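These are my notes on what I looked up in the structure. I began with the strands, then turned to the ligand and to one helix.

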Amino acid sequence: MNPSQKTPLKIGMIGLGTVGQGTYKLIQRLPQLEVVAVAVQNLEKERGIDDLDTSLLTLDAHAVAVHPDIDILIEVAGGVEGTKELLEAAIQAGKHVVTANKALIAQHGTELFALAKKHDVSLLFEAAVAGGVPIVTPLKMGLASNQIEEIAGILNGTTNYILTRMMQDGWTYEDALDKAKALGYAEADPSSDVEGFDAAYKIAILAGLATGHWVNVKDMTVEGITPITPREVDYAKQFGYTIRLVALARLKNERPDVRVHPMLVPNEHPLSSVHNEYNAIWVRGDAVGDAMFSGKGAGELPTASSVMGDVLAIVADLEAGNAKTAVGMVLDLKEPAVLQPIGETTNRYYIRMTTADEPGVLAALGTAFGNAGVSLESFLQLPNPQNNPHTSLMVVTHIAQESSVQEALSAIRSLASTQAVDCVLRVL
Ligand SMILES: NC(=O)c1ccc[n+]([C@@H]2O[C@H](COP(=O)([O-])OP(=O)(O)OC[C@H]3O[C@@H](n4cnc5c(N)ncnc54)[C@H](OP(=O)(O)O)[C@@H]3O)[C@@H](O)[C@H]2O)c1
């Protein structure tokens, strides 16, 4: 396209669901852009757009991807393998691509970036991580001079809503999940959210951006929130913590430590005050120090806002002669990162146990922790007024290696006085 002509840039879209409808509405505000084709799966479906030109709708997504008139393809359909083929076809046809698809970028980003580079087009994905919160572009641009040492994120609004309701209202996990579904925060099948994989795709993308190495989600430890009970939430409060599903990337070592699991977040940490469906990313850079980005991690217009940020970056680059500024540049991810095995990671731990309420138990527990080289920071025994033969004990450890804690726990489980190790959570 010749920028001097000032004719609107032509946009093709694949998907007109939640994010697609928001994106279409934002494009309608911008005279420099024109949607020329939109692929959907059902032509009859009601769309929440007042003056939608239904003649643009088609079932042929491939035809949109390679449409001769379009300059930019916006992919807001979701899916991985079939969608990858559509994006490849678009890139090979010389289209710039904007996607909100975290699963696709986390699993096939490296191949797609290489293809985009070969064909001299942009492939941008701000909306794939934390919906409306700008974090991909800040990592590429504003923080580019930093060595990023650590990223800790609340990257899944569904689980954060569930944990907030359990924490603030004492709801069960099941009740909170039902409410999240009713409010449209959780999908009918919420497994990718509650089992941690949605957050894992996102932290893998951020760790890749920060290190320049592709991070494979299959190499990460990913644990979800289903084991969290109202009882644990209550005990965490007593210790001065909030439970959150944390996506963590510790990047100072040669082998990055990247994982997702529930954590006890100290009440004074900024992530503890991120409630409901909100997302937040806390970043520590060697120059900037600590920085926090937060906002709506999902939803029609917040996510569309990020999609359109990428589209407008491409528009600016095209107006400058396909310049590929820092935003528009294609990532060049090097060979996969070798991650630190979970056993070698270091954390503080919260451990709740049910043990016999009798003399000598504390000494035996102390010996089990001590033999494994794990020292204890705090300890709480709940009152046992009814002289129940068993009691609940909670400890928080100092920083210890995961394998040492597991060694201590296996010794504790074999003690005759131990009824159960009920819960083990890492502490941020
Ligand atoms: N929802 C959010 O808040 C959010 C936030 C961040 C990122 N994302 C990402 O954005 C993408 C879209 O999410 P969404 O929530 O907007 O999904 P959605 O509401 O389910 O919409 C998907 C849209 O894609 C269309 N579609 C699906 N497969 C297609 C195909 N093969 N060919 C043509 N059209 C196809 C569907 O058509 P029909 O309408 O005809 O069925 C629908 O319009 C996903 O990658 C998601 O991970 C979503």
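I count two strands as paired if DSSP finds at least two bridges between them. I note at the outset that the model is predicted.

Entry: strand pairing. I looked up how strand β1 (residues 9–14) relates to strand β2 (residues 33–39), and I found them parallel and joined by 6 bridges. In this pair, Leu9 has Leu33 of β2 opposite it. I then followed the chain from β1 through α1 to β2 and recorded this β-α-β crossover as right-handed.

I next examined the pairing of β2 with strand β3 (residues 57–58), where I found 2 bridges and again a parallel course. Here Ala39 stands opposite Thr58 in β3.

Entry: Which residues come nearest to the ligand? Of the 26 residues around the ligand, I listed Gly15, Gly17, Gly78, Ala100 and Ala298 as the nearest.

Entry: helix α11. I checked the span of helix α11 (residues 300–319), which has 20 residues. From its first C-alpha to its last, α11 reaches 28 Å, close to the 28 Å expected at 1.5 Å a residue. Just after α11, I recorded a positive phi of about 80° at Gly321.

Conventions. Residues are numbered from 1 along each chain as its sequence is written. This is a predicted model: local features need pLDDT of at least 70, side-chain atom pairs count only at pLDDT 80 or more; totals for chains, interfaces and linings use all residues. A residue is near a molecule or strand if its C-beta atom, placed from the backbone, lies within 6 Å of it. Helices (H or I, at least four residues) and strands (E, at least two) are DSSP runs, numbered from the N terminus. A crossover is right-handed if, with the strands pointing away from the viewer, the path from the first strand over the helix to the second runs clockwise. The expected span of a helix is 1.5 Å times one less than its number of residues.
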